[in-house]
Amino acid sequence: MIAESLLRYMNEMLRQTPLSFFRYAYDTFPWQSQLSGLVGPRGVGKSTMLRQYILQYKNDDKFLYVSADHIYFSDHSLATLADDFVLEGGTHLIIDEIHKYKGWSRELKQIYDIYPALKVTFSGSSVLDILKGEADLSRRAVVVTMQGMSFREYLEFDHNIRLPRLTVEQILDHTLTIDPGFHPMSYFRDYLSSGYYPFHKIDNFDVRMQQIVSQTTESDIPLFAGMNAATGRKLKQMLYVISRLAPYKPNFENLSTELGVSKNNVPDYLAYLEKGGMIGMLRDDTRGMRSLGKVEKVYIDNPTLMTVLADNVPDIGNLRETFFYNQTRVVLPVSSSKESDFRIDTHTFEVGGAGKGKRQLAGVSDGWVVRDNIETGFDRFLPLWEFGLLY
């Protein structure tokens, strides 16, 4: 029998869940897979998306939504809960924040193997690695990574303005036609400062952002990497050091000296900060393997986090580059450019303000200038804000 406390918790959380807006990942998420996972940085709306699915289909099947840090699991296991749920005819088990449950991968494997008809969906930190748990779930789980809100999503979520999703090629072809009364720049600055996170409308937004930084660097990452509390604080310190410099080419020796850590540990710390959604690392396209290429620049992960870490006065040039990289990397591999800022497939992009010219792209056959503070594109000039319509 399912504990009454779990049912009350589920019903209360569902009561608080809105159905007015759905994140970009909702329609393509593999809901009907036997084992599916939704991972991503803190605060991007993973829990809300899971509960929205239950509200959409709860009359068709029997669902149970639990959080892995519920007090129920202090003396009960996930496996036992699954046993009871299946005996009562349950069909869909939704487990939120699976990373807070010790032995999560072993028990998910057990549930998967014993109950092939049970659909299990879990959410977890972006640091979660299904290959490194106690049981390898790589051949069983379909895992989707969700990022924060795009500018397109922000316009719909905050202002009920619906624009189509574009491809990079459509942006290059200047295919978008906007209503004469719509002026994107009046919304774009607000998006950059706070719109990446769906909770940006709450009071004390800056406080919540600082909590996300602390929880990611001092709790989530150390938990998975087996770090102690002191190392977690070093990660947080590293993030603030990077925020003063980004985007910049990493110097491992300088970072190790400033932080008082071994130079050999710096690459691992940077990798964990990237997985945690705190930074983004732009690599070259060595042998076409962008994910394995040499790190050319380190960015703060997104413009909103960059703004908060800069006490709301970020460098505008760095903010533009951060936005471009943050939005484009969701849909396509992005690498550094030897001639300019970024390279996507055969295209080279130089990012700048409204007066940015083509001088730096001289001799580049497929070069494009991405300008801030312009509404529409022409010739080889593209509006920066349109790259917020990619997802």
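Leu38 has Val144 in S5 as its bridge partner, and S5 pairs in the parallel sense with strand S1 (residues 35-40) over 4 bridges. Strands here are DSSP E runs of at least two residues and helices are H or I runs of at least four, numbered from the N terminus; two strands pair if DSSP finds at least two bridges between them. The model is a predicted one, in which local features need pLDDT of at least 70, side-chain atom pairs count only at pLDDT 80 or more, and totals for chains, interfaces and linings use all residues. Residues are numbered from 1 along each chain as its sequence is written, and side-chain values use heavy atoms, with hydrogens and water left out.

Stepping back to the whole sheet, 5 strands form an open arrangement with parallel pairing, in the order S2-S3-S4-S1-S5. S2 and S5 (142-145) are the edge strands, each pairing on one side only.

On one side, S3 pairs with S2 (residues 63-67) in the parallel sense over 5 bridges, with Phe63 opposite His92. S3 also pairs in parallel with S4 (residues 119-125), over 4 bridges, and Ile95 stands opposite Phe122 there. From S3 the chain crosses through helix H4 (residues 104-114) to S4 in a right-handed β-α-β crossover, that is, clockwise from the first strand over the helix to the second when the strands point away from the viewer.

All 5 of the 5 residues in S3 are buried (under 20% relative accessible area with a 1.4 Å probe, protein chains only; exposed is over 50%, partly exposed in between). His92, Ile94 and Asp96 point one way, Leu93 and Ile95 the other.
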